[in-house]
Amino acid sequence: MSLVIGMDEAGYGPNLGPLLITASVWEVSGDPRKFDFWSSLSESVSQTATKDGRLYVADSKAVYTPQRGLADLERGVLAVMSLNGRRPQTYREFVSRITGEDDLLDPETWFRDADVPLPLVSDASDVDEAADALRANLDKAGIKFRDLRSDVVLTERFNRVVEQFDNKASAHASFVFGLLSRVWPLAERTLVIGDKLGGRNRYDDLIADIPNIGMVFRQEESSLISRYRVDKSELRFQQKAEQHFPVAVSSMICKYAREVGLELFNRFWQQHVPGLKPTKGYPEDAKRFRDDVDAARQKLGISDREFWRCR
């Protein structure tokens, strides 16, 4: 048996809201570099939207858009979350499950006393049926869902680490490789796949900083893909990594966690600023939103450091 770890993130560019990084870990038979998840899971999963009951699993930017709505993304995410235990019933339970921490959201005022039942827009029985179909398909294909872990980087922590490195990209890399170090069993044969981090082509220095790592052998470095060998493992950082099922799942987990988190964020501020237009947190609109809530933020005593990312 061998492992495939797929990693992705959501929320690197915005000024508002959390940064999400997720790694999903899957156990397969044979050589992980040759295993085809899509054909093995074709009975329950599709890379395009269908009406036949299969889960839509792909890059979260395709599965979710404001025009498409949240339903397909939510259905896929909650079905996967049902594989190792019951489906999360609330957002706080969902965050606790993906991070392993019960009170992670509490440092931010808008999350402290907020929650929402899940699913938000999907039909719960439909999600459960899709989860049952996925579970049966995984069993038939000899695939085991081993683990899923996320890092939810709240604003104050993001600012602190960026200031520590004096570089946003370096801070981002530290979050990504910190999470990888927690889910990668170094002794097992493993394929790690993740997106390129910005324009970076070299990763051996970041891999070498993982505790107890062995020798890192560079195999290929280009603008399309960077590959490395460490003992029994291969690591790939490539463009369009979401074409791989484990990465697509991680992409969807990140996007869903951020979107529902922003829903709670917007609800909080709309309670204090009647008629406030919600935001997704991206730079231009984030500046408009910051101006719109400034008086309320000052009155509530919420610091800029808690509210606004420094970069």
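**Helix caps, charges and overall fold**

Trainee: Which residue caps the N-terminal end of α8?
Mentor: Keep in mind that we're looking at a predicted model. Check the backbone nitrogen of A169: a side-chain oxygen lies 2.9 Å from it. That oxygen belongs to the residue capping the N-terminal end of α8, N167.

Trainee: How far apart are the end C-alpha atoms of helix α8?
Mentor: Helix α8 covers residues 168-183, which makes 16 residues. At 1.5 Å a residue, they should span 22 Å. The model agrees with that, because the end C-alpha atoms of α8 are separated by 24 Å.

Trainee: Is D151 buried or exposed?
Mentor: D151 meets R157 in a salt bridge, at 2.8 Å from N to O. R157 is partly exposed, with a relative accessible area of 29%. For D151 the relative accessible area is 6%, and the cut-off for buried is under 20%, so D151 counts as buried.

Trainee: Which helix holds the salt-bridge partner of R218?
Mentor: The side chain of R218 meets that of D204 in a salt bridge, 2.8 Å from N to O. This pair links distant parts of the chain, 14 residues apart, with R218 in strand β7. Its partner D204 sits in helix α9.

Trainee: Which residue meets E220 in a salt bridge at 2.9 Å?
Mentor: E220 is partly exposed, at 31% relative accessibility. Salt bridges with shared partners tie E220 into one network with D31, R33, R227, R229, E234 and R236. The 2.9 Å salt bridge, N to O, joins the side chain of E220 to that of R227.

Trainee: How far is E74 from the nearest side chain of opposite charge?
Mentor: E74 is found in helix α3 and is buried. Leaving aside neighbours within four places in sequence, its contacts include L118, P119 and Y256. E74 has no salt bridge, and the nearest side chain of opposite charge, R87, lies at a distance of 8.5 Å.

Trainee: What about E129: is it buried or exposed?
Mentor: E129 is found in helix α6. Its relative accessibility is 54%, and exposed means over 50%. E129 therefore counts as exposed.

Trainee: What is the radius of gyration of the protein?
Mentor: There are 12 helices and 9 strands in the protein, and its C-alpha trace spans about 60 × 45 × 30 Å along the principal axes. With 311 residues, a compact globule would have a radius of gyration near 19 Å. The protein agrees with that, because its own radius of gyration is 20 Å.

Technical notes. Residues are numbered from 1 along each chain as its sequence is written. This is a predicted model: local features need pLDDT of at least 70, side-chain atom pairs count only at pLDDT 80 or more; totals for chains, interfaces and linings use all residues. Side-chain values use heavy atoms; hydrogens and water are left out. Helices (H or I, at least four residues) and strands (E, at least two) are DSSP runs, numbered from the N terminus. Buried means under 20% relative accessible area, exposed over 50%, partly exposed in between (1.4 Å probe, protein chains only). Lys and Arg count as positive and Asp and Glu as negative; His and the chain ends are not counted. A salt bridge is a side-chain nitrogen of Lys or Arg within 4 Å of a carboxyl oxygen of Asp or Glu. Contact means heavy atoms within 4.5 Å. The expected span of a helix is 1.5 Å times one less than its number of residues. A polar contact is a pair of N or O atoms within 3.5 Å; within protein, one must be able to donate a hydrogen and the other to accept it, and residues adjacent in sequence count only if both atoms are side-chain atoms. The radius of gyration is taken over C-alpha atoms; the globule rule is 2.2 Å times the number of residues to the power 0.38.
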